[in-house]
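Welcome, and thanks for taking a look at this one with me. Here are a few notes to read alongside the structure.

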Amino acid sequence: MRRTRILTAVLALAAGLLAGTPPALAAKAPQPTAALAADTYTWKNARVDGGGFVPGIVFNRAEKDLAYARTDIGGAYRWQQSTKTWTPLLDSVGWDDWGHTGVVSIATDSVDPDRVYAAVGTYTNSWDPGNGAVLRSADRGATWRKTELPFKLGGNMPGRGMGERLAVDPNRSSVLYLGAPSGKGLWRSTDSGVTWSEVTSFPNPGNYVQDPGDTSGYASDNQGIAWVTFDESTGTAGNATRTVYVGVADKDNAVYRSTDAGATWSRIAGQPTGYLPHKGVLDTANGHLYIAYSDKGGPYDGGKGQLWRYTTATGTWTDVSPVAEADTYYGFSGLTVDRQDPGTVMATAYSSWWPDTQIFRSTDSGATWTQAWEYTSYPNRSNRYTMDVSSSPWLTWGANPSPPEQTPKLGWMTEAMEIDPFDSDRLMYGTGATVYGTENLTNWDNGSQFTIRPMVQGLEETAVLDLASPPSGAPLLSALGDIGGFRHTDLAKVPPMMYTQPNFTSTTSLDFAESNPNTVVRVGHLDSGPHVAFSTDNGANWFAGSDPSGVSGGGTVAAAADGSRFVWSPEGAGVHHTTGFGSSWSASSGIPAGAVVESDRVDPRTFYGFKSGRFYVSTDGGATFTASAATGLPAGDSVRFKALPGTEGEIWLAGGEPGGAYGLWHSTDRGAGFTKLPNVGATDTIGFGKAAPGASYQTLYTSAEIGGVRGIFRSTDRGASWTRVNDDAHQWGWTGAAITGDPRVYGRVYVATNGRGVIYGDTSDTGGTDPDPDPDPDPGPTGACTVTYDITNQWSGGFQADVRLTNTGTTPWSGWSLSWAFGQGQTVTQMWNAEHAQSGATVTARNVGWNANVAAGSSVSFGFTGNWSQSNPEPTAFKLGDRTCAVG
């Protein structure tokens with residue numbers, strides 16, 4: 001993954017192009033009321049594990065194993081030591097308060113560890129219509145109370161990796177401080193976060209802005225006050241801490257101090273200038289305040305940096321930078337001290353993308369440093385660590401970089417880093433994609449390697465742009481911001497890799513052929529190269545198509561019901577159509593550029609479009625469109641519609657804006673006319689799933705406001721009545737991007753969130769359990785076979801391999817089981833497109849339901865990740881049942 005690619009994705013995300021600003025939430029239109037049934041659902045994530053930026057990790061200083069993580073758009077989490085997973089804490093944030101899923105800062109109370117606080121709000125400009133808030137909990141985030149603030153907070157704004165901006169007095173925990181952005185100054189609460197008032201004696205609200213010329217207000221906002229740090233040694237239990245340090249986004253006046261519990265403040269004399277103070281961490285035992293500086297606010301920019309130590313007893317400033325300023329091409333941000341071993345301090349080069357981030361460690365209070373990796377002879381590197389990403393193999397990005405780059409990387413945007421205050425061996429740090437950590441950190445100091453692994457299970461932070469659940473093959477295909485998307489063959493397992501060949505930074509739309517689900521198309525953003533890709537094996541493997549002239553982004557795409565043709569409405573160009581797999585495209589006529597396009601799910605020559613209140617229909621494969629005479633549809637473009645599988649010409653359309661047409665419409669005549677459902681209010685998505693037991697019509701799912709209640713709803717009677725299937729504890733902020741049911745499992749619904757990943761729910765109703773749609777096939781095909789085994793990626797202790805099994809006989813197979821033996825103790829950790837078992841050295845891979853049938857002359861492919869130690873030779877013999885296969 002290249003730096004420019006992620007930078008583009010993050011900027012687009014921040015600008016609301018991908019997942020930042022849900023449309024039309026500034027006001028609520030009057031809604032009809034209705035008696036609503038309710039259902040009990042079980043909610044889980046389709047596992048990706050991570051997928052977004054984690055700018056803050058905070059350990060409680062009084063209770064072992066109590067830790068919290070914050071994300072920029074996906075809420076906050078608490079560490080669960082017994083399972084080594086994260087528990088989401090802000091799923092109760094509702095639609096109207098969607099901005100409160102962006103967490104600016106989190107603070108845990110060391111006097112009363114049950115108490116935790118979160119400062120929330122996503123944008124300080126107009127993209128977020130609401131003000132920020134401070135949430136307070138007396139049960140570790142299980143439930144919250146809220147105090148609204150008179151200003152906005154920016155969990156997804158520039159500078160969000162600085163901090164923590166919210167802090168609890170370690171001696172008198174009813175006292176809290178909050179540093180505000182936008183010139184709003186320093187705020188204080190003296191009643192455990194219930195009420196807040198500005199500290200009017202604080203002299204500097206900050207002045208740094210990333211880009212003064214940005215008229216959107218996103219990059220031109222004053223980044224304000226960055227962090228608050230208490231010197232706990234200057235207070236006693238029950239009495240306010242006397243000395244408090246505050247870091248300000250001001251390159252000339254960055255650090256202030258109060259020695260009278262916040263009554264008065266002064267700029268600390270002798271401090272360095274020319275940089276922003278990203279972090280300020282105090283080693284109380286030695287009286288050292290460490291400050292990590294960068295020339296930019298982050299989280300992805302930063303070209304120069306320094307690290308300084310302030311001796312609190314003498315007022316002496318010492319430059320303890322690990323490298324000379326002239327040799328930095330990055331800023332410093334991640335910063336932590338070892339509470340069990342005073343004098344040990346660590347820092348990160350947060351903005352170093354190429355060839356990797358860097359982590360620095362000192363055991364003598366910054367006098368000398370060692371690095372996580374160093375050059376031996378360029379471009380070769382020597383690492384103090386090994387990386388094991390077998391639990392999240394997609395973190396390699398399927399890359400095969402040239403030295404000095406390696407895969408997986410240590411990370412990027414590494415602004416959060418904490419040594420466990422109770423365990424010198426445990427460290428966690430956040431990146432732009434995951435949380436990494438180690439449990440043998442002190443190996444760093446004795447010359448042996450320490451192991452870094454993802455510590456992110458349960459923390460799901462993807463922004464979901466589209467969803468599909470085909471009638472066969474993988475149950476879920478997703479289109480995601482920043483990391484492209486995944487094919488889930490098992491919702492409870494992390495997929496091995498995001499979509500590749502090509503790797504879109506963000507996938508904006510995907511579709512499959514209804515009667516031929518092996519044919520899949522996706523479109524998305526890419527810095528250079530094609531913006532469309534195709535698959536003929538249900539999304540397991542992909543190949544790039546070509547772009548029409550002028551394409552600049554993904555847009556929306558539709559596959560014909562039989563997969564014979566496609567219609568694409570990309571960014572930067574008008575609507576186009578093609579037969580085959582996009583080797584050439586022709587402009588469609590009669591439909592405006594930017595229209596949303598979909599396909600009829602029965603007639604392969606019929607496609608539909610919508611733009612600015614008009615519905616369009618093509619019956620010649622997308623070559624020409626005709627505007628429907630239908631009126632009364634939403635005038636804006638916040639509309640999503642789908643054609644019903646199994647019925648030609650039946651369409652459901654959702655969307656609109658407050659103050660205008662906003663709801664759910666139904667057509668049974670290819671969009672010639674639409675009827676608005678009178679019992680449904682503001683509606684943003686529509687999807688279909690398996691019919692209820694005894695019903696003949698597919699189940700409808702929507703994210704809507706019905707009966708005055710915002711939620712996720714289900715109808716089993718064509719929309720005549722609706723059941724709310726979520727509850728107030730499971731709202732996930734904004735859920736307006738996509739929704740779909742599962743065509744094979746009644747009651748299962750997949751919900752797109754803006755930062756909490758793909759949520760899926762299963763009903764407690766009869767029929768809500770997952771059936772076995774694919775009974776075990778006959779594992780003993782006859783005829784000849786050939787196997788090709790390729791190691792596609794290898795790293796220290798781990799590897800990835802692809803296996804292709806070809807039926808070289810004359811009769812088709814209706815099931816297969818392939819076995820081989822490893823020669824050097826290798827083990828399979830995860831397999832995709834096949835089920836597997838391993839007994840000793842012997843591995844058996846068996847077909848899944850959708851790839852059981854292999855015609856004569858055809859092949860089937862699967863892949864896996866594994867572990868190795870001494871060496872990793874390829875197997876030399878393979879058996880299909882009891883028949884030996886040739887090795888290709």
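**Notes for a first look**

1. Let's start with how much is tucked away: of the 888 residues in the protein chain, 61% are buried. Please keep in mind that this is a predicted model.

2. You will find 68 strands in the protein chain, along with two helices.

3. What about overall dimensions? The C-alpha trace of the protein chain spans about 85 × 70 × 50 Å along its principal axes. The radius of gyration is 28 Å, which agrees with a compact globule, because a globule of 888 residues would have a value near 29 Å.

4. Contacts come next. Take those in the protein chain between residues at least 6 apart in sequence: 56% of them join residues at least 24 apart.

5. How many cavities of 30 Å³ or more does the structure hold? There are six, and the largest cavity has a volume of about 130 Å³.

6. Finally, what kinds of residues line the largest cavity? Five are nonpolar, five are polar and three are charged.

Terms used
Residues numbered from 1 in each chain as written. Predicted model: local features only at pLDDT ≥ 70, side-chain atom pairs only at ≥ 80, totals over all residues. Heavy atoms only, no water. 1 Å grid on protein atoms, 1.4 Å probe; cavity = no way out; pocket = protein on both sides within 12 Å on 5 of 7 lines; lining within 4 Å. Points joined across faces, edges and corners; volume = space filled by probe spheres on them. Nonpolar A, V, L, I, M, F, W, Y, C, P; charged D, E, K, R; others polar. Helix = DSSP H or I, 4+ residues; strand = E, 2+ residues; numbered from the N terminus. Rg over C-alpha atoms; globule rule 2.2 N^0.38 Å. Buried < 20%, exposed > 50% of the residue type's maximum accessible area, 1.4 Å probe, protein only. Contact = heavy atoms within 4.5 Å.
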